[in-house]
Amino acid sequence: MDYAQGSSPPLVQDQVRIDGNVTVIRQLDIEQDILCICYTETHDFLAAGLTDGTVRLYKTTSGADPLSLRDAEMIQKPSPTTAIRHRPVRRSHPITRTVIATYANGCVKCWHYPSSQCLYTIRENRQTLGLVYHSHLPKFVTVGDDAKIYLYDEETKMQERVFQASDSLEVMDGHRSRVFSACFNPKSAHELITGGWDDTIQFWDSRQPYALRRISGVHMCGDGLDISTNGREILSCAWQRENSIQLWDYGSGKLLVTLEPDSYSSMLYCGKYVTNMFIACGGTDDNLFRVIDLRSHVSIAMVSNLSGGTYDLDVGPVNPKHARKTRSISVVPQLAFCAGRRIFEIDAQPG
């Protein structure tokens, strides 16, 4: 294994293999499979979406009983929770203490989690498979199995636009199959990218009806797309045996590099930038989660031999013991991921 110099030797905890400088802060065992996770705005809870449509929130600073978000609609007709997100934290708006969850039956529900109340429900006529907020506007998009991308205004709860391919058979200016991942460009008010089963990453502008261009050869089955904070690079973590981790130039769509950080391969469901210098990703076959240094293209940490595939991950706060080092580009925030029926919170630092 090619791990950073000075990293810790591998550890095995309950058959889970831990390589690199990793501390498991917390491990939660749930009674059913977890499909998605998300820290809340102030990192006070970790929200998990379960296969029966329950969203469960675990207090990050104590062992208090979890909160459960599940209304009559989900009790009567259970449906898997496919994504959980909160509005990006910014100084210009107050903390809302809400999360939005999407469900395989087409529901999009906004929850006020302190009161366990569903504030509103949007019902889409499809399997809704994901959601992402705009970087700095009160808008979000949902993606699903009908190859369309729906743009909503969060304040009016109204659908503003539907993005889809044209009827032309000569150009591929949109998706032709299920869409699993979307990401707004943080440096643009109008641009976003999406990826799915048709092996393409599509580039959209909210002022245009169809996709403007595409990248081919990337098979997405989860939330595996991200854009760097400067808006210049795309990270793709794909559900494919070859070329699963790649970086692309946003402006030209050209491939910058294919990452092969170690000898373990994995069909990836999820991936995102942790900082400008590190990415995290996870998948199945092998069931693993890894943190990769973009400077050396080496895994600084890996958790493998998991009981199930890593379907989702999120970036948490900086561990208090690293607080004095926060100006260092080498500090990695805490990370959470779900694998099978387990949630892990870890602290992974370069060796």
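1. Arg87 is buried in this predicted model, with a relative accessible area of 17%; buried means under 20% relative accessible area, exposed over 50% and partly exposed in between, with a 1.4 Å probe and protein chains only. The residue sits in the loop between E8 and E9.

2. The side chains of Arg87 and Glu154 are joined by a polar contact of 2.4 Å. Such a contact is a pair of N or O atoms within 3.5 Å; within protein, one must be able to donate a hydrogen and the other to accept it, and residues adjacent in sequence count only if both atoms are side-chain atoms. Not counting residues up to four places away in sequence, Arg87 touches Glu41, His93, Tyr133, Pro138 and Glu154 (contact: heavy atoms within 4.5 Å).

3. Strands (E, at least two residues) and helices (H or I, at least four) are DSSP runs numbered from the N terminus.

4. E9 runs antiparallel to E8 (residues 81-85), with 4 bridges between them, and Ala83 stands opposite Thr102. Strands pair if DSSP finds at least two bridges between them.

5. On E10 (residues 107-112), 5 bridges join the strand to E9, again antiparallel, and His112 stands opposite Thr98. The hairpin of E9 and E10 has 3 residues between the strands, and Gly106 there takes a positive phi near 100 degrees.

6. Residues are numbered from 1 along each chain as its sequence is written, and side-chain values use heavy atoms, with hydrogens and water left out. As the model is predicted, local features need pLDDT of at least 70 and side-chain atom pairs count only at pLDDT 80 or more, while totals for chains, interfaces and linings use all residues.
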